[in-house]
Amino acid sequence: MTELLLSPLRRLGHSTINAIWRLGFITRFLLAILRYSGQSLLRFNLTIREIYFAGVMSVIIVVVSGLFVGMVLGLQGYNTLSRFGSADALGALVALSLLRELGPVLAALLFSSRAGSAMTAEIGLMKATEQLDAMSVMAVNPIARVVAPRFWAGVISMPILAAMFNVMGIFGGYLIGVVMIGLDSGTFWSQMQNNVDLHYDVINGLIKSLCFGIVVTLIAVFEGYDATPTAAGVSAATTRTVVTSALVILAVDFVLTAFMF
Amino acid sequence: MSSDHFIEFRNVSFAYGERPILKNISLTIPRGKLVAIMGGSGSGKTTMLRLIAGQIPPSAGQVLVDGRDVAAMNHAELFEHRRRMGMLFQFGALFTDLSVGDNVAFPIREHTRLPESMIHDLVIMKLAAVGLRGTQALMPAELSGGMARRVALARAIALDPQLMLYDEPFTGLDPISLGVIAHLIKKLNDALGTTSIMVTHDVHKSLDIVDYVYFVSNGEIVADGTPEDIRSSPSPWVHQFMWGEADGPVHFAYPASTSLQQDLGLKGSQHD
Amino acid sequence: MKRSTIDLWVGLFVAIGIAAVVFLSLKVANLTPQSADQTYTLYADFDNIGGLKVKAPIKEAGVVVGRVAAIQLDTKTYRARVTLNLEKQYTFSRDASAEILTAGLLGEQYIGLLQGGDPDELKPGEHITLTSSALVLEQLIGKFMTSFTGGNNKNSASAAQ
């Protein structure tokens, strides 16, 4: 009977300790990445290669999603705004929603499932096939050679992808609002320009996406590096990357929004 | 004389948590020799290589390489030590995102500032040494298991190491590839004057090429000697290992704590 | 893939990214040069600023000439003191007037400036003295209602007689 009460408590304690342990481990991992970043940034072609795989390969999905999200915002925004007779504000609505929230958050979610999961799988497989061991035996630090370039590639790519997402979204809103529904093009842009502030909206949005870039890539490389070196372990780590990233993006978004706006 | 013994284990023990892997092992490996460490799976052979490479520290005792304690080395010394060492992994561990040429060039590019043209020539020479000149542009996925192992060997000798570690070099190879790898290991050891340690459970092929053998079982050295000594060894353990007998000093059955009858609930079962 | 190809794609990627940020800054946020050396400050006190916000545009003849930098309450006079950031190229005479206007019926509020005829110009840090407050809709409706109900009472009184 007491066992019935104690075992859930024990499980709770176990998972709490585990969570704290992992948090400490990921912090130390980040410190190690930063420590060895110097030597890997000196050989910037390694990072450029990873920007290609993480950033350039994510452009298509980000651009297409951005366009559709902008078009949906255009349609829904027009329907809602026209009820209050302020359809003119559509440009402002589309731009503000994208710049402040949807752009950074959705681009980060797409990035984590497109590039983050690939990073985890790649590093996990390198670990499983002893490539990381081989590296360290060859006196090459795997964190400097493998992890740090991927980390910086993610941090650099994320704001660029978010900016692309925003531009495509605004273009999508323009397509629906101006080209399809027939709002005045001048009003669309001037309403947008009057309501969007460079520092408050554009820069804060980019700062958000930079923060997302850091957490998403950190989670991705950490899960890969920490993966159990088996097929099942790598696949579990990949899933964890996507799930954890999504949760952390939304939680960090809440915190940043509370501080920024 | 420590200069004659390139590698020395002094009363080395190692345990993963509570589980002991190596128990009080002492052995010496002379400079320039090719030595095999043999034993069943899970007997702690690979752990010994990891101790030499400095990937893990021993729980007790010392591992000396060229007279220096590996566990006492600082970060820079350890990397210096590894730079003079080559290791062939069980399945090659080639970098799958790099071509064959870039794999072989990897340690050269990481540790030297040689011009690309010289690296190119070195890569060709190393690949020629393992008989794979002309494969530079291939990706590891396009190689057979035996070829991948040879490329990995070329990569391991890229910086002309003083010490070569082979982790199960024969695993998963067909007899011809196996013969080629064994021949190459012997040839490279003689040509480069490298001290080589090979961890394996392939007895007959190894006995043909090595200078000395240590047999490890359950974390202890159970037999050692030259290949001739081993072939004529009276030890029942060596006999069982060499001829692959199912039962002998190494028991077929796992030492279960309960009897079969108890497990099946036939008699003497103790239900609460 | 060849290194030069990768370099090219990454270069293109970063260039498009920068172009996107520039687009967002110029076309979407309408980045106006507002650094201190290109603007000057004037003040204007209002009895009531209605719903005026910081960053609201300041317009002369419909052209944006600056933005509201700050809004404070003057604790001596209990009037709202609005700090105006105006572009250097636009100067105004001493008798210029400022009023708070609304874009459309429910639109955002902005400050409308009206140039005067005085040859002397307002110098940075001076006050615009001629101001008129925001039109507060509730007050307007209130006034309208009292006059309307007043007229109604008369009518009903005459009908009862």
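**From one threonine to the interface**

The side chain of Thr129(A) comes to 2.7 Å from the backbone oxygen of Leu125(A). This is a predicted model, where local features need pLDDT of at least 70, side-chain atom pairs count only at pLDDT 80 or more, and totals for chains, interfaces and linings use all residues. Side-chain values use heavy atoms, with hydrogens and water left out.

Thr129(A) sits in the loop between helix H4 (90-128) and H5 of chain A (helices are DSSP runs of H or I, at least four residues, numbered from the N terminus). With a relative accessible area of 36%, Thr129(A) is partly exposed, because that label covers what lies between buried (under 20%) and exposed (over 50%), using a 1.4 Å probe and protein chains only. Its C-alpha atom is 8.8 Å from that of Thr230(A), 101 residues apart along the chain.

Now for the other chain. Chain A brings 18 residues to the contact and chain B brings 24, with contact meaning heavy atoms within 4.5 Å. Four salt bridges cross the interface of chain A and chain B (a side-chain nitrogen of Lys or Arg within 4 Å of a carboxyl oxygen of Asp or Glu). One of them joins Arg50(B) to Asp133(A), at 3.0 Å from N to O. On the side of chain A that touches chain B, helix H5 (131-137) and helix H6 (142-181) each supply at least two residues. H5(A) gives the most, with six residues.

How values were computed:
Residues numbered from 1 in each chain as written. Chains lettered and ligands numbered in written order. Polar contact = N/O pair within 3.5 Å; in protein donor to acceptor, adjacent residues only side chain to side chain.
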